[in-house]
Amino acid sequence: MIGRILAGIICCGSIYGASTQQEKLTEYLSTLVAMPTETADKEENGHALRWVEDQLSPLGLHFKHESFEGHPTLVITTQDTMTPDLFLVAHIDVVPAQKSQYKPRIVGSKMYGRGAYDMKMAVACYILLLHELKEHLSEMNIGLMLTSDEEIGGMKGVKRLLEAG
């Protein structure tokens, strides 16, 4: 089911249209890159996760916030479960950087800024994907796991969430 829907989006196009889809992706990624989500800044990471939730809340999804040793996590699922058939995983934390690195800049078709590639682009793509799938989400059993400790090993995020079930 998921494969057919994803193939349909790829082959037939976005609900937004290609140029608007690119604009939405750029908007999401620019906003995420501008957030200084250094691993040690647990408050800023929590703010970023709440922003992600705000982007997805109109879709009728299930949200669960957890914190392990102060590191916030967010699990988003299409069904009321913590064990979906498919989990998409990403992290929002970044290594320390100069303030100027939190100002996203676009050169040609590339965006530069702290976390743009590792791994805020994935988060932006997941937000866009869930919006693209909005008409089918109730038929799916998928989830998104976002953590804020990957840059220090991930033992307080993904590991703890998996142990908790």
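These are my notebook entries on a predicted protein model, taken up one topic at a time.

**Ground rules**

I number residues from 1 along each chain as its sequence is written, and for side-chain values I use heavy atoms, leaving out hydrogens and water.

**Confidence**

I began with pLDDT, the predictor's confidence in each residue, from 0 to 100. The protein chain has a mean of 90, and 89% of its residues reach 70 or more. I then looked up where the confidence is lowest and found helix 1 (residues 2-12), with a mean of 48, whereas the highest mean, 98, belongs to helix 3 (residues 42-56). Over residues 5-12 the pLDDT stays under 50, and there the model has 9 contacts beyond four places in sequence, a contact meaning heavy atoms within 4.5 Å.

**Overall layout**

I took helices (H or I, at least four residues) and strands (E, at least two) as DSSP runs, numbered from the N terminus. The protein chain has 5 helices and 6 strands, and read along the sequence they follow the pattern α-α-α-β-β-β-β-β-α-β-α. Of the contacts with a separation of 6 or more, 69% are between residues 24 or more positions apart. For burial I used relative accessible area, with buried under 20%, exposed over 50% and partly exposed in between (1.4 Å probe, protein chains only). By that rule, buried residues make up 41% of the 165 residues in the chain.

Next I looked at strand 1 (residues 62-68) and strand 2 (residues 71-77), which pair in the antiparallel sense over 7 bridges; two strands pair if DSSP finds at least two bridges between them. In this pairing His 62 stands opposite Thr 77 of strand 2. The hairpin has 2 residues between the strands, and Glu 69 takes a positive phi near 55°.

**The nonpolar core**

I searched for a nonpolar core, which is a set of buried Ala, Val, Leu, Ile, Met, Phe, Trp, Tyr and Cys residues joined through side-chain atoms within 4.5 Å. The largest one has 33 residues, and the members touching the most others are Val 52, Leu 56, Val 123, Leu 130, Leu 144 and Leu 146. Helix 2 (18-33), helix 3, strand 2, strand 3 (86-91), helix 4 (116-132) and strand 6 (142-147) each supply at least two residues of this core, and helix 4 gives the most, with 8 residues. I noted beside this that, in soluble globular proteins, nonpolar side chains tend to be buried together.

**Thr 78**

I then turned to Thr 78, which lies in the loop between strand 2 and strand 3. Thr 78 is buried, with a relative accessible area of 7%, and its side chain reaches the backbone oxygen of Met 140 at 2.7 Å. Leaving aside neighbours within four places in sequence, Thr 78 is in contact with Leu 61, His 62, Leu 137, Met 140, Asn 141 and Ile 142.

**Salt bridges**

A search of the whole structure gave me 4 salt bridges, each being a side-chain nitrogen of Lys or Arg within 4 Å of a carboxyl oxygen of Asp or Glu. One of them joins Glu 66 to Lys 64, with the closest N and O atoms 3.2 Å apart; Glu 66 is partly exposed at 26%, and Lys 64 is partly exposed at 35%. Another joins Arg 160 to Glu 69, with the closest N and O atoms 3.3 Å apart. Arg 160 lies in helix 5 (residues 158-164) and Glu 69 in the loop between strand 1 and strand 2, so this pair ties together parts that are 91 residues apart in sequence. I also found Lys 159 bridged to Glu 163, with the closest N and O atoms 2.6 Å apart; both lie in helix 5, 4 residues apart, about one turn of the helix. Lys 159 counts as partly exposed at 38%, whereas Glu 163 counts as exposed at 52%.

**Lys 24**

My last entry concerns Lys 24 in helix 2, which is partly exposed at 21% relative accessibility. Lys 24 and Leu 128 are 104 residues apart in sequence, and their C-alpha atoms are 7.4 Å apart in space.

Definitions and conventions. This is a predicted model: local features need pLDDT of at least 70, side-chain atom pairs count only at pLDDT 80 or more; totals for chains, interfaces and linings use all residues. A polar contact is a pair of N or O atoms within 3.5 Å; within protein, one must be able to donate a hydrogen and the other to accept it, and residues adjacent in sequence count only if both atoms are side-chain atoms.
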